[in-house]
There are 2 protein chains.
Amino acid sequence: MLSEAQVFLRCRECGKPFGHILAYVCDECFGALEASYNPGRLSVSRSVIEARPRSMWRYWEFLPLIDHSKKVDIGAGYTQLIKADRLARKLGISRLYIKNDTVNPTFSFKDRPSSLAVSKALEFGLNSVGCASTGNLAGATAAHAAAAGLPCYVFMPSSVEKTKIKQAALYGAQILLVEGTYDDANRLAALAADRFEVGIVNVNLRPYYVEGSKTMGLEIVEQLGWRTPDRIIVPTASGALLSAIYKGITEAEHAGLISDCSVAITCAQPLGCSPIVRAFRENSDRVEPVRQPDTIVQSLAIGDPGDGYQALKVVRESGGTAVALTDDESLEAVELLASTEGILAEPGGAISVAALKKLLEAGEVGRDEEVVCCVTGSGLKTVELHPEAGNVRIIPPALEAVRKALDLR
Amino acid sequence: MLSEAQVFLRCRECGKPFGHILAYVCDECFGALEASYNPGRLSVSRSVIEARPRSMWRYWEFLPLIDHSKKVDIGAGYTQLIKADRLARKLGISRLYIKNDTVNPTFSFKDRPSSLAVSKALEFGLNSVGCASTGNLAGATAAHAAAAGLPCYVFMPSSVEKTKIKQAALYGAQILLVEGTYDDANRLAALAADRFEVGIVNVNLRPYYVEGSKTMGLEIVEQLGWRTPDRIIVPTASGALLSAIYKGITEAEHAGLISDCSVAITCAQPLGCSPIVRAFRENSDRVEPVRQPDTIVQSLAIGDPGDGYQALKVVRESGGTAVALTDDESLEAVELLASTEGILAEPGGAISVAALKKLLEAGEVGRDEEVVCCVTGSGLKTVELHPEAGNVRIIPPALEAVRKALDLR
């Protein structure tokens, strides 16, 4: 048990400090609260971290859990950073890595923030948890709630892929499919958080929740031998993951784990829901909400991104860029990644690969850069989005049928 | 590059030694060939292994690849061994672990043998690979073939779950859905292997292929601190995984990594396709094929198990047992595992949990035993098998609808 004073909240906008409390909005300026750490907590060496078990919790000094007996760990994080040489050759770039977060316990990166938020719910003594979800968070929160023994309430737009709905239901959560957009589901979850005292992981537990996603950034720098790549491309919905990856990397520099946190953080969004990309491209400081997202990339269909402004700031500060991709470009990137590296992503995960392809072609990313594409969720959840392909054939059990089907001799 | 003499094949039945060649049947007695290692190769210490990267390839001395430049490694293996305390309490057993192989690169344990077999195909200079599959091997072989840059031909019964077909197709493999059983698909694959010189991973590459599955056993003993549990329960189709787990553990004893390889290896099969269980229960030495498997547990629907006799021998020698489960028992085990531990398995993966429940109730497994249940594949591939559940509701975006749906106040 660590001293509470080592972890506290503070307003991201006006800087007002808060204690270690269950809150998410500044009562002075309505800014978002974020977790902060006393420098003493972050004094940990590379070798100490390297000797720890391979889960996101190896970076516990950077995570705002105080009582570690409350940790809900079903194995999130420390996923492989794959050197993607075959894909790199196809794209015409020399150094490319895939951060493969499809192999998390519930098959998306959302296990990272969920593991942390559900642990915090236990620490704060909450009796139930929940989330507003575009699909992946539903399963992640439901699974961690199951492992914690807490009831779980999931709010999702009814348009979410069937597999994601069934997945969350199988963990035993109560699933509410809201007739409306993600933003409608999110507002409802926020109301439910207040009215029924539910710990909604991405609403009232949000300042803690987002810290879990930092571990993707910490892992990338550790797996590269404690240094940053030139660029990290991040599939972006609310902006929380993108912001968290950068926060993790800058904190790693403050802690002395890396000597330089320079890295161009690059944002990829679907064209039919790309408010952050649009603000970036228009040189605007204001992330204008998209009222009706129009994309099959459900997992990134957040019209009013909660951390949009922060993400925009990170992209600019870090020297990154932002790019929007058509649905076809994302679907094609799924097939490109699967057929070159054997990694099956959902379109919202492979969009980082689509973004790299587009930015290379446009000359906005150099072919000599070292790039990490974050691949955030498994394509098993979204096979329904791909049309029947010509490489599937039904044949009778006869060798001649094989020869004909495959044109072999 | 190691000396070839360190790895060779020999007949499992008559013992005749073969070289390091592409063959799978003894030309004297028609017995199955298996990989063997000179004792010198297996001299590796615990600490050397522990310092290696976390993939199945950390045990390379136990794997029959000679030229490591041919290794096709997309991250298979070294999956978590989860201490399943909530599930243990539900079942009334004190020490229970889940070996969670749902989080492999293609979301089943089949990545282990595929990684090895496709590497061997490269080493032998083959121009294409393929497999006969009940579903999971299809994706695993296709993904590794993609990463190796080899064409891939998959033979599956047409009854396999749609998600598994689409998954394999997305990696770019040629998929042949054979009108018939798995055994029909398997025979066709064997003919194609001969006729078109394809490296069918589980036919002509089989002696090498099965060695990959040993790593599940090696990981279990390492993750327990270099010792065996009392019992390992294994979902069983061809019998190859079960036999391989035991082979790995006995080899670990020979190598001095563990002092005692005692462990009751226990076989779980679906009632509608349980030839090994039947032979065990009837005290027979002959595994009588099941002509028409009758089960929704597609991944275990192999009527004529290639390693059935070997598996039966291992179960008996190791003091294990064998049990058949109804489809409902396997489906219920999926929900039990998901709702207690947050691990989503397919019915053919959770069948090990169903088996434990049944054996505990029957008094055939003691409540003081330390048990490991192998959970071999992800439930994302089989959500279609579960009926719509009562915990999924569609609501309008209004707080009152939430209150009513959840009966909250």
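Biologist: Which residue of S8(B) does A:Ile394 stand opposite?

Modeller: Its opposite number is B:Leu177. Before we go further, please keep in mind that this is a predicted model.

Biologist: How do you know that S14(A) and S8(B) pair?

Modeller: Pairing takes at least two bridges between the strands. S14(A) and strand S8 (residues 174-178) of chain B have four bridges, in the parallel sense, so they count as paired by that rule. A:Ile395, for instance, faces B:Val178 in S8(B).

Biologist: What is the order of strands in that open sheet?

Modeller: There are five strands, with parallel pairing, in the order S14(A)-S8(B)-S7(B)-S6(B)-S9(B).

Biologist: Why do S14 of chain A and S9 of chain B stand at the edges?

Modeller: Strand S14 (392-395) of chain A and strand S9 (199-200) of chain B each have a single partner strand, so one side of each is left without a neighbour in the sheet. Helix H4 (residues 136-148) of chain B packs on this sheet, where it touches strand S6 (129-132) and strand S7 (152-157) of chain B. The direction of H4 makes about 175 degrees with that of S7(B).

Biologist: Which strands does helix H6 of chain B lie across?

Modeller: H6 (residues 182-196) lies across S6, S7, S8 and S9 of chain B, and runs at about 155 degrees to S7(B).

Biologist: Which strand pairs with S10(B)?

Modeller: Strand S11 (residues 264-270) of chain B, in the parallel sense over five bridges. Since two bridges are enough, the pair qualifies. B:Cys267 in S11(B) is the bridge partner of B:Val234.

Biologist: Why is helix H10 of chain A called mostly covered?

Modeller: Seven of the ten residues in H10 (residues 308-317) of chain A are buried, including A:Tyr309, A:Leu312 and A:Val315. The cover includes helix H8 (240-254), strand S11 (264-270), helix H9 (275-281) and strand S12 (322-325) of chain A. Just after H10(A), A:Gly319 takes a positive phi of about 75 degrees.

Biologist: Which residues touch the most other members of the largest nonpolar core?

Modeller: A:Val154 and B:Val154, in a core of 280 residues. That core draws at least three residues from each of domain 1 (1-43) and domain 2 (81-105 + 211-385) of chain A. Among the residues that A:Val154 touches are A:Cys131, A:Ala138, A:Ala168 and A:Ile175.

Biologist: How many residues of domain 1 of chain A are in contact with domain 2 of chain A?

Modeller: Four residues of domain 1 are in contact with five residues of domain 2. By class, the domain 1 side of this contact has two nonpolar, one polar and one charged residues. The C-alpha centres of these two domains of chain A lie 27 Å apart.

Biologist: And between the chains, how many residues of chain B are in contact with chain A?

Modeller: 68 residues of chain B are in contact with 69 residues of chain A. Elements that each supply at least two residues of the chain B side include H4, S8, H6 and helix H13 (399-406) of chain B. The residues of that side divide into 39 nonpolar, 19 polar and ten charged.

Conventions: Residues are numbered from 1 along each chain as its sequence is written. Chains are lettered from A and ligands numbered from 1 in the order in which they are written. This is a predicted model: local features need pLDDT of at least 70, side-chain atom pairs count only at pLDDT 80 or more; totals for chains, interfaces and linings use all residues. Two residues are in contact if their C-beta atoms, placed from the backbone, lie within 7 Å. Axes are lines fitted to C-alpha atoms, for helices over the stretch in contact, and angles run from 0 to 180 degrees between N-to-C directions. A nonpolar core is a set of buried Ala, Val, Leu, Ile, Met, Phe, Trp, Tyr and Cys residues joined through C-beta atoms within 7 Å. A residue is buried if 20 or more other C-beta atoms lie within 10 Å of its own, exposed if 12 or fewer, and partly exposed in between; C-beta atoms are placed from the backbone. Domain bounds come from an automatic or database domain assignment. Ala, Val, Leu, Ile, Met, Phe, Trp, Tyr, Cys and Pro count as nonpolar, Asp, Glu, Lys and Arg as charged, and the others, Gly among them, as polar. Lists of a residue's contacts leave out its neighbours within four places in sequence.
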